[in-house]
Amino acid sequence: MSKLIPVIEAHTRHFLRCTFIALVCVCITACSSTYKSSERVDISAATTLDISHVPVQMFDQNWQHVLYIQNNEKEHTLLAQLEINKQGTINLLLMTTQGLPILKLEKLNNQPSNVTKMILGVDLDPAYILADIALVHWPVLFLNEKISGAIIKQIATQRRVVKNNRSIITINYSDNKTVLNNSERHYQITFEKVN
């Protein structure tokens, strides 16, 4: 009988470990939500950007950036991984700086985005983030076909979204970072490349 006690204790520890792992998985799954995201994004009052299509020039590309987001005296730092495959499908993953996933967006070209939020209560709208990524990275000619209520102009290392002869969004490019400033929505995003 005394030889069975260590075996029973080992099985009990294994059972408890497996139960704990299963409970953690259930909690993580229960905390996530999936939904469809908007195709048209209000980037300012009476100005929308259609993000339903990806320009062919962006197919088969990927990047990683650190995003520094400043909004109403709040600051957030996120890691972003973006991939656009050869068919134009967008995969965007936003994570904490520790690598904990916050949200995942998958968007087939010409289809609504499927969004999975892994952490509920995080106040990030992936449609707006995707619109800002588009404003920063997509070609100006393509964007001007997809925007209503404004036009986009680029001179050298500065891109501007202009409405009623006034810049509402300014994007400044430099070697390792890009800064988007939305003066109507009162936020700024700095895209810093990760090597």
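## Arg166 and its partner

Arg166 has 42% relative accessibility, so Arg166 counts as partly exposed. Here buried means under 20% relative accessible area, exposed means over 50%, and partly exposed lies in between, with a 1.4 Å probe and protein chains only. The side chains of Arg166 and Glu184 form a salt bridge at 2.7 Å, N to O. This pair links distant parts of the chain: Arg166 is in strand S12 (residues 166–173), Glu184 is in the loop between S13 and S14, and 18 residues separate them. A salt bridge is a side-chain nitrogen of Lys or Arg within 4 Å of a carboxyl oxygen of Asp or Glu. Helices (H or I, at least four residues) and strands (E, at least two) are DSSP runs, numbered from the N terminus.

This is a predicted model: local features need pLDDT of at least 70, side-chain atom pairs count only at pLDDT 80 or more, and totals for chains, interfaces and linings use all residues. Residues are numbered from 1 along each chain as its sequence is written, and side-chain values use heavy atoms, with hydrogens and water left out.

## Other salt bridges

The count comes to three salt bridges. Glu184 also meets Lys163, at 3.4 Å, N to O. Here, too, distant parts of the chain are linked: Lys163 sits in strand S11 (residues 158–163), 21 residues from Glu184. Lys163 counts as buried because its relative accessibility is 9%. Glu184, at 23%, counts as partly exposed.

Arg40 pairs with Asp50, with the closest N and O atoms 3.7 Å apart. Arg40 lies in strand S2 (residues 40–44) and Asp50 in strand S3 (residues 47–50), so the pair ties together parts that are ten residues apart in sequence. Arg40 is partly exposed at 42% relative accessibility. Asp50 is buried at 15%.

Side chains of opposite charge can pair when their charged atoms come close. Asp132, in helix H2, is buried yet has no salt bridge. Its nearest side chain of opposite charge, Arg185, is 8.6 Å away. For charge, Lys and Arg count as positive and Asp and Glu as negative; His and the chain ends are not counted.

Beyond four places in sequence, Asp132 is in contact (heavy atoms within 4.5 Å) with Leu180, Tyr187, Ile189 and Phe191.

## Asn182

Asn182 belongs to strand S13 (residues 177–182). Its relative accessibility is 0%, so Asn182 counts as buried. The Asn182 side chain reaches the backbone nitrogen of Arg185 at 2.9 Å. Not counting residues up to four places away in sequence, Asn182 touches Ile43, Ile168, Ile169 and Tyr187.

## The nonpolar core

The largest nonpolar core has 44 residues. Such a core is a set of buried Ala, Val, Leu, Ile, Met, Phe, Trp, Tyr and Cys residues joined through side-chain atoms within 4.5 Å. Ile43, Leu49, Leu94, Leu135 and Val161 touch the most other members. Helix H2 (residues 126–137) gives the largest share, eight residues.

Outside four places in sequence, Leu49 has contacts that include Ile43, Ala131, Ala134 and Leu135.

## Ile119

Ile119 is in the loop between strand S8 (113–117) and H2. At 27% relative accessibility, Ile119 counts as partly exposed. Ile119 and Leu100 are 19 residues apart in sequence and 9.2 Å apart in space, C-alpha to C-alpha.

Notes
A polar contact is a pair of N or O atoms within 3.5 Å; within protein, one must be able to donate a hydrogen and the other to accept it, and residues adjacent in sequence count only if both atoms are side-chain atoms.
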